[in-house]
Every structure is written in structure tokens, then in C-alpha cells.
Amino acid sequence: MFTVLFMRKIYLFLLFILTVFVLKSQTSDIIPSTFAVANASVADNKYYSAFQNPASGATLNGTQVGIQYENKYIINALAKKSIYFSTSTSLINIGIAATYSGYELHNELLTGISISKNFSNIFQLGVQYNYYSVYLAEANKRFASFLPQIGIIVSVSPAVKIGFSTFNPGQQKIQLKYSNKQIPTIFSLGTNWNVSENLDFLFQTDKNISGNYRVAGGFEYEVKEFLSLKIGAYQAEYLIPTVGIGLKLKTFDFYLNTELHPILGLTTFAAIKYTISKD
Amino acid sequence: MQLKIRIISLFLVIYSIGSAQNASQTAEEIINDIFEQYTAEAEETIDYESFYNDLISLTENQLNLNLTTREELEKLAFLSDMQIENLVAYLYKNTKFNTIYELQLVDGFDMTDVRRMLPFVKIGESNDLQDKIYLNEVLKYGKKEAIFRVDKSIEKKKGYTKTVDSQGFSSSPYYGSPIYNSLKLNFNFKNRISLGTTMEKDAGEQFWGGKHKGYDFYSFYFQANNVLKLKTLVAGNYRASFGQGLVFNSGFGSSKSSYTLNVVSRDNGLKKFSSTDETNYFKGIGGTFKIGKSEISLFYSNKKIDADTIDEKFNSFYRTGLHRTESEFAKKHTITMQTIGMHTTTNLGLARLGFTAAHTILSDTLAPEIAPYNLNFYSGIRQTSAGSDYRVRLGTLNVFGETAFSNNKGFATINGILFSPTSTASIVTLWRYYSPKYDTFYANAFSESTRTNNETGMYIGSEIRPFRNWKLSAYVDSYRFPWLKYGVNAPSTGQDYLLQADFNPKRNLSMNCRIRYEQKQQNSNIIPIRTIENYAKSSIRYQLVFSNGNFSTKNLVELNFTDSAFTSPKVGFAAYQDLSFEFEKVPLSIDLRCMLFDAKNYENRFYLYEKDILYAFSIPTFYGVGMRYYFNLKYDLNKNISLWFKIAQTMYGDARKTISSGNEEIQGNKKTDIRFMFLYRL
């Protein structure tokens, strides 16, 4: 009882602070979405969220491989195809991921390898090293850059986690002949509140250093052991509602998330995860 | 029955705190936390070294709670007057403490206060301060330390860029190298005898060359306590603080902070000065004698100060201590400032009365530029000021104040009442009036502006503990500047409000939320409208600190808003994630921070504390859009040698091409600083 009351107090504080932000959009074109509701995965360590928070893979046991497809506004050229692999060892956990989007004249590839460690379930720390390359037809050339990423998830109580991650903190950019192509530098701070045994509340704010803010939140409810539902929203230039569903069938997990932009339309995200082995 | 309750309470207290010991902060962390609370809203540089030295020396020579005095307890800056009063009253009623944890039975003390006190107090029977001193003991048991520090900025500043003149000679605006270096040698024997020397060279100052040889700043200090008939003897560089600071306060002045009750200046008397601060000290000799119920302090200072002199006149003191360029070098030590001061205080049981006087002679005439706002600033060659202070304690009521005059017909008075109706609530009221003509060299009393003059105001602060683990602190300060100020071309008014809620649900988890609102008046930027306008700044800050064993994290989110009559509202945002880890098997501790700030306008700038190496305390200013991260490392090579290293980088994301201006200008959008410190302790 005390824990629940205490968690509420923490959340009242956090919600009060975070919801008064100026709510505008951020653009993080190159980063693929995750399974988490409203993409609020920074404090969520249930899944390995490639390119979101490298610490997210620290508590996972066994070896997993997955693919995901994100069809942004039903425009093929914007679709992101991703693949990832994660495995745990006695010392550290390792994740490898790659995502591709674009078309013949302009395409982007982001690959990364992460190392994460769980410190006595008190906190998880992860670092990821990414290689980003982009092909630009006008230069008839592929440009590339290395981008570090660092993240942490702290369990401030058994029910509450706080997560922080930063993508491209060094503000690397692609140097073109007459201009630069910006690669987003993103800071994310959020929480994951395990309200009850089968209900999680996720809340997150992101800031692109040369863009604006994004605030996201939502609930993930485990209806049955094999079925989970997700509902939430994020505030960009517009308030965008998101819903999702997750299915667990022995060694396979399926996820389907959708969101509706009031002008640009529907985005769907589908993922399949296969657990090769469990420790 | 009362004894039983006391025993049971004591048991509960020991149980609750005993388990907290493992997670207790180090003295260094506690001092940093306290200083951060004090200075969180400060926009001026405050001498951290002196503050740190005062408290850290208490960890090596802890106060014996059973034999302590009010005066000794006042050294613990984080205790309010009411807490000190309650502690003294508790000792009077109960004779002595059986255990240190009994402190929580004292009214007004909670677990946080007790934890903070732990490194600085002890329970014992004898008082080292009364023991006779033998030279062989001093030499054998005295603690010696040597501290060597080096700082450097990685990026080249404009001031170091060499240019070649028509005759083929190359030179740069700064004479010296971009390396900052200081060396300190300290000796301390049980807080009875201390002496040491400090040497410093700022970045850009020449260490060895045509203009200068050796360090730019040298200082020496000596202090002896309770030796012969003297309560205190100081020589070399020292500080002097008396009463409420209207005549003398070269120490840490009382100011507005989230310690809303701590607005009463602590009468610190004469104290050694070992800091690298190059301006705020006296240089000479002084002593405090005890005669019956009275104490008399006499001191003399003769020091060189910096100013731009022309025809034996100067218009202001040059206080940066930087001598990097030809023009800065020309200001070095151009004025001699002689000061003679005295203070006497008499204890009359419930009341204490004091009198302070100062007379200063300058070698040249101070003649401020003629401008309306500084019409009342002091000008002349000799200045005399004198004041009388008092403090009366009547149970839970504490009345205090000081009134002072200066020879140019200046007048200042500050008076307050601190009242604690219950053990869970305290309130302080402070009224001040500093006339525009009261402009003295060493005054540093409670005020809104940095100068103790041209101000009148009323401050009300309170602290309430409404529920277990909760503390609410609030203040309201309403003030008026009867004459013009720099940047304000008319008499003006202002209000300042603060509300802070602290919540400590568990021993390893604490959080606070602070809301501050300030409204002032300033010149309008709209031309030709020559008027002053209201300017408001508000901020909201949430901070969460979590620790578990040797690991701790801290999150901070802050938003601020500015608004004025002729401009649109502006918003600033900053957030950071801190991570600290202390290794178990290796004597190594690390601190990491990653921070984001988005304050496109200077008005929305942030002052955010960051961890640093020993004796350094950073509250950098942030505006623009960017990020900052640092890595701080401490390694104890053995029991005698410790090493510190820090690297910090600020990286702007707002497409700026340069950082800073003038000789400090850096090309690019990155600024990287490294610091290294070596400590040898014997």
C-alpha cells in the first residue's frame, strides 16, 4: 500500500513537471520505432530497443533475433526495415541491429552494436556504437559517420524505473561539399511505472537538440499471458494517438502498433521476435 | 514514564538511522549539497574554498556535542538559529548526549539534519580546545597537505593567438600560457594551529617571462586558537565577519536560498583565509581577546589592490584577479588599502551586544564615474564606518539586528525576529534599510543586490514539516531601491517568492520541487520610450536523487519563463542525468553527467551546479541550445596520495560559429576543459 502511494507521489511530481513542457515535434528520421507504446521505451527494459536506449537489453536472458517493418504514412520510400539480434553472456549483454530506409536515389542505413550490463538490478548501463551511411544521388556518393549512444535505466523502487538515453551526443553530421546533413542529436528521459502486475504506464520526453520536444505516454496492459494491449499518445505538432497489440506464441512474439497522424495519415509497425534460447 | 518514552524513542531513532549509515554521504558530498542549496539561485561567484575549508576542518576535529557551545554550533552553516537554540536547550536540560543519534530527539531536527551532522560532531568527555599545546605534539600530530592543481581549456582562445607586427615580432594579447595552476601547502593541528601558503597563476597569466616571474598570486595565513590569553590570533591573509555584516563581512554572507530560515549572519570573528580568491580578504594581523564576559577583536590590514589609476585617482576596484593582458597588468597592485578594525561583544545572559568600527585609508582617491546611478557611491580617500549589533534570545523567540553609520552620512539597519511556535514550524521576519549613501568597503549583509546599499525591504521566510518525511520551505521578499541602479534609471521595486517541497520517503531516495518567481524593474529596451518596465522571471525545478550502496543517480528538470511589458514571454529548459559510482575493490570513484539546455535567450540562462575536483565548485552558466557532459574521477593511490581528474565539454547545437567574445573567443561550437589535482596528505 505504501509503495503504491509512494509511487503516486513520484508520478504526481514527474507528471506535473513534464506535462508543462512546450509540446512540439521532433524529427528523428533515421531511428526506427520500438514495440513500446507511443515509442516511449527509454525506461522500458522488457525488450531490446535497438537505437532507443542501449541499456534496454541489459536484463534480457538468452538469445533473440527479430525483424520489424515500419510503414510510415503508407509511403514505401519512408518505410524502415530493421533486423536485430541480442544475446546475453555471464558478463555483458550484446545487441546488434541494422535499419534501412529510402529508395534508389536517397537511402540510409544505420547499423549498431551495443554492450549493456545489469548492475544487481539497481541500474542498467548500455553503450552503443552506430555506423550511419547515406547515399545521395546528386553527389553520386555514399557518406558515412560513426555515432555513439549511451543509456541508463535506474530502478528507484521495485515498481518505478527512470531511463535516460542520448543518441549522437557528439552532434556528428555528414559533411557535404557545400552544406552539412544534420544527424539528429536526441536526449530522452522517461519513466516506467509498473502500476500493477499486468499494467505498465510509460512516460517519456525527447528533445532533438536542433528541433523541438516530443512528449509521449501510454499504458501497456497484459490481458493474458499471451496477449497484451497498448494505448497511448504522443504530442508532436499534433496529438497523435497510438494503439498496439502483442502476441506471444511459445518462441515467437508478434507486435503490431499503429498511429494516426491527422494530416499525414496512418503509420503501421509490425515486428516478429524469435527466441532462440533462454538462459 | 518520560524516561521510558525517551529510551523507546532513542531505540527507534538508532534503528532507523543505524541502517542508514551504509548509505551515508561523505563529508565532501554533504558540503557540496549544502553549498548547492545555498547558492542554487546565486548569480555571483561565492568563495567555495573558504566555505569548504571551514566545514572540512570540522570533520578532522569534530565538535564534541556534550561540551559544545552556541558559537561552535554556528560553524555548521546548515543549522538554523532555532535548531542551534533547541540543541543548546536540550543539552541544558539533559546534561549530555549518550549517543549521537539522540540528536533526533531535539526539536526541529529530522533524520536528514542528523545525517548531515554526523561527519562534523562526536560524543566525548574532553575538549581538545582547552588542552595545553606542546610543540613536539604539534610537530608530530599536525596534519600536512600539499595540493597541486592544473586546468586547461583544449580549444585555443583568441587571446593566445600570436600576431606578427611590422617589425617581425610576434605577440599575443595574453602574456602567459593557457594553463591554470595553483599550489597549496597547509598545516593543521587539531584546529588549534593552522598555517599555510597558496600560490596561483590564472590561465593567460605569465609564469616566467619578461613581464612577470613566478606565480601571480601568493598568500600566507596563520591562525592559532586558545593560545596564551588569545582566543584567536591571525596573521597573513584572514577574514573578518561581525554582527549582521553591515560593517565587516568578508566571509560567506547570508542570502536568499532554500534554507529559508538561515538569514541571520553568523558572527564568525577573525578567521584564516586560505582560498585562491584574490580580493575578498584582509592582509595583516589580528587577535581576539576574552575579558570576562566580553570579547575584543582588533586587527590591522595593509594590502595592495588592483585599480585603473589616473592622476592618483581611480573610479572602481578591479576585482577579477586576472593579469593576462597589458591593460590588466597595468592595474595590478596600484592601490594600497590600509584598514584598522575593532569589534567588541558582551554576553549578558539572554542578550548579546556588540560594537564594530572600521577605518580605511586608500593611497589614491576613489572617484566613481559621474553618472546618475552612482551619485551616492562612496568617493574619497578615507572611510569610517561603525555599527552596533544585538541578539536577544527569549525561549523560542530570537531577536537580532545591527545598525551602522558611515562618515559620508550613510545609514543602514537590519533587524529580524526568528520565531518557532512549534517544533514543526519556524518563521523569520527580516527588515532592512540601507540608505543610498551607505556604501562601505566591507559590508556584506542580507540584500537583493550585491552591494549593501540603496535598498529597503522586508523578508519573511518559513519552514514547516507538515508530515513525516516532508518539509516545506517558503519565502517572500519585497524590496525597493530608493535610488537608481545600474541598468535601472529610476527608483524601482521588486518581489521575490520561493516555495520548495522536500520529500524523503526512504533513506536512499529524496526529491524536491522548487518554484521561484521574481519580479523586478529594468530599463525599457524600446527607444525612444525612456521608462522602466516590469520584468518577471519564474522557474520550476524538480530534482530526484537516488542511491543504492556505492551507486547514485540524480535527475534534474528545470523550466524557466521570462516576461516583460514590451517583449513576448520566453521559455528555457534544462535537464540532466547524473551517475556516480564508487568501486568496491579499487579506491576509485567516478561521476558522469549528461545535460541538455535550451535557453535561446540570455534572460533564460541557467545556473546549474556540477561536481568538480576538490576545492573547486562549479556553477556554470548556460544559455543557447546545447549539451554538456563531464567525467569526474577520483583515485586514492594510497592513504597519502589522492588524484582527481575532470573533463567537461559543452557543445552548442544552435549553429553558432564562435563561443564567448573578446580574448576569450573560441572558434567552433565546442568548449572543453580539463582539470587535474594531486593531493599529498601526511
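This is a predicted model: local features need pLDDT of at least 70, side-chain atom pairs count only at pLDDT 80 or more; totals for chains, interfaces and linings use all residues.
Residues are numbered from 1 along each chain as its sequence is written, and chains are lettered from A in the order in which they are written.

**Exercise 1.** Describe the secondary structure and burial of chain A.

Solution. Taking helices (H or I, at least four residues) and strands (E, at least two) as DSSP runs numbered from the N terminus, one finds 1 helix and 16 strands in chain A. Of its 279 residues, 46% are buried, that is, have 20 or more other C-beta atoms, placed from the backbone, within 10 Å of their own.

**Exercise 2.** Characterise the side of chain A that touches chain B.

Solution. With contact meaning that C-beta atoms, placed from the backbone, lie within 7 Å, 23 residues of chain A meet 27 residues of chain B. Two or more residues come from each of α1 (2-18), β6 (141-155), β7 (160-167) and β10 (186-196) of chain A, and α1(A) gives the most, with 4 residues. This side divides into 17 nonpolar, 4 polar and 2 charged residues, where Ala, Val, Leu, Ile, Met, Phe, Trp, Tyr, Cys and Pro count as nonpolar, Asp, Glu, Lys and Arg as charged, and the others, Gly among them, as polar.

**Exercise 3.** Locate the domains of chain B and their contacts.

Solution. The assignment, automatic or from a database, gives domain 1 (2-127) and domain 2 (543-682) of chain B. In chain B, 9 residues of domain 1 are in contact with 6 residues of domain 2.

Notes:
Two residues are in contact if their C-beta atoms, placed from the backbone, lie within 7 Å. A residue is buried if 20 or more other C-beta atoms lie within 10 Å of its own, exposed if 12 or fewer, and partly exposed in between; C-beta atoms are placed from the backbone.
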